[in-house]
Amino acid sequence: MKQLAQRARAVQPSATLQASQRAKALAASGVDVINLGVGQPDFQTPAPIKAAANQAIQADKVDGYTATTGIAPLRQAVADHLQATQNVMVTTDQVVVTTGAKMALYALFQVLLDPGDDVLLPAPYWVSYAEQVRLAGGNVLEVAPTADLKVTPEQLAGAVTANTKALVLNSPQNPSGVVYTPAELKAIGDWAVAHDLWIVSDEIYRDLVYDRPAPEPSMLTLSDAITDHTIVINGVSKTYAMTGWRIGWVIGPKVVTAALGKVLSHMTGNPAAVSRYAALNALTGDQQSVATMNASFQERLDLIYPLLTALPGFKLATKPAGAFYLFPDVSAAMTKKHCATASEFVGRVLDEAHVAVVSGEAFGLPHHIRLSYAADRDQLLTAMARLKTFMEA
Ligand SMILES: Cc1ncc(COP(=O)(O)O)c(C=O)c1O
């Protein structure tokens, strides 16, 4: 039998999905596992959004192919939403609706990168960026962060090469919940413009911020020059508890969105039509559910943060301010439990404490672990008690 392609042999499976599958398998064998490994809100999609999807089905709107880049009202709704929340004007041909933000990023790297192009990836980073860059033939240039898990222009300057084409930024950040200030983003944006780099700004958690007014300012608000170099990624998955519906989007210069339209016409054709009507309702309907979910995440962050930082060997530089993750440095905890790697530590936490978390290795920081606090309050308290018992044993 002939070998599979090099790209298929080299690509790593998603560490977060793998961790989640392991936890599910253990739970299926009868163990009471608390899963803090998954990266999705623990809410149901709000009822009006589901109702809009039902109506679209009943009205026979979803039976055929639809335009690759998005039905016109949804592209308009994305543009209007950006204007209403960020005071930034874009035209609908600067918007491409995709099958989740994951596909938006995958297709974008296909459009931006030639084989051998370098991409700056500040650590920690969401697991799929690195694999998606490599699948497009690009090289990943990891940039180590400061102690507060941010990156500065000076650090980027130390890593940039003549072949560098793009920089990926994600604020609020998965896996750490860290949020850059607008001044920090502006300094990075100015630096990227000076090097004529594309800035891929993944803003999927922009609406999920705590101890401050939501939403966070978009990269598109900082300067005209930065806007010209920036491609924003966003979607409904996290803000509206719609991970299963698979709707994301790209907002960027027309040269990029036009190319994305061509590439996507051979990849997905169009995202599921019914999901587009659901997303349209999410963006144009009452936004109260977003505020309610945010308040609930904030409450749970306030609950879990002191308990987590009190665990022996768990260290967090700062309290996270966005998304729904905690990303402690567990170097000391690993030493205490005689674990050589974070993967080994995470395996022991699952087997002995029955709490599923994700190793930091796939996020570019091998002495950290990621916990999601998008879980019910009692489960969070039980998980923290189990981790305490595990660490004190
Ligand atoms: C930073 C980041 N970007 C993109 C995505 C993908 O989102 P979607 O569910 O819309 O594909 C995720 C999902 O976990 C994420 O955490």
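Some ground rules come before the details. Residues are numbered from 1 along each chain as its sequence is written, and side-chain values use heavy atoms, with hydrogens and water left out. Because the model is predicted, local features need pLDDT of at least 70 and side-chain atom pairs count only at pLDDT 80 or more, while totals for chains, interfaces and linings use all residues.

The protein chain splits into domain 1 (6-44 + 289-392) and domain 2 (63-284), with bounds from an automatic or database domain assignment. Taken over C-alpha atoms, the domain centres sit 25 Å apart. Across the boundary, 36 residues of domain 1 are in contact with 34 residues of domain 2 (contact being heavy atoms within 4.5 Å).

Now for the insides. The largest nonpolar core holds 80 residues, and Leu36, Phe314, Phe345 and Tyr373 touch the most other members. A nonpolar core here is a set of buried Ala, Val, Leu, Ile, Met, Phe, Trp, Tyr and Cys residues joined through side-chain atoms within 4.5 Å; buried means under 20% relative accessible area, exposed over 50%, and partly exposed in between (1.4 Å probe, protein chains only). Helix α5 (residues 100-112) is the top contributor to this core, with eight residues. Both domain 1 and domain 2 give residues to this core, so it lies between them. Apart from it there is another core, of 30 residues, with Val62, Val78, Val236 and Leu280 among them. Helices (H or I, at least four residues) and strands (E, at least two) are DSSP runs, numbered from the N terminus.

As for Phe314, setting aside neighbours within four places in sequence, its contacts include Pro328, Val330, Phe345, Ile369 and Met391.

Two helix pairs are worth a look. The axes of α2 (residues 15-28) and α14 (residues 342-353) come within 11 Å and cross at roughly 20°, which makes α2 roughly parallel to α14. Arg22, Ala23 and Leu26 of α2 meet Gly347, Leu350 and Asp351 of α14. The axes of α3 (residues 47-58) and α11 (residues 273-284) come within 8 Å and cross at roughly 140°, so α3 is oblique to α11. On the α3 side the contact involves residues including Pro48, Ile49 and Ala52, and on the α11 side residues including Val274, Tyr277 and Ala278. Axes are lines fitted to C-alpha atoms, for helices over the stretch in contact, with angles running from 0 to 180 degrees between N-to-C directions; those under 35 degrees count as roughly parallel, over 145 as roughly antiparallel, 65 to 115 as roughly perpendicular and the rest as oblique.

Thr98, in strand β2 (residues 95-98), counts as buried at 2% relative accessibility.

Elsewhere, a cis peptide bond joins Ser171 and Pro172, with omega about -10°. Leu149 has a positive phi near 65° and, at 12% relative accessibility, counts as buried.
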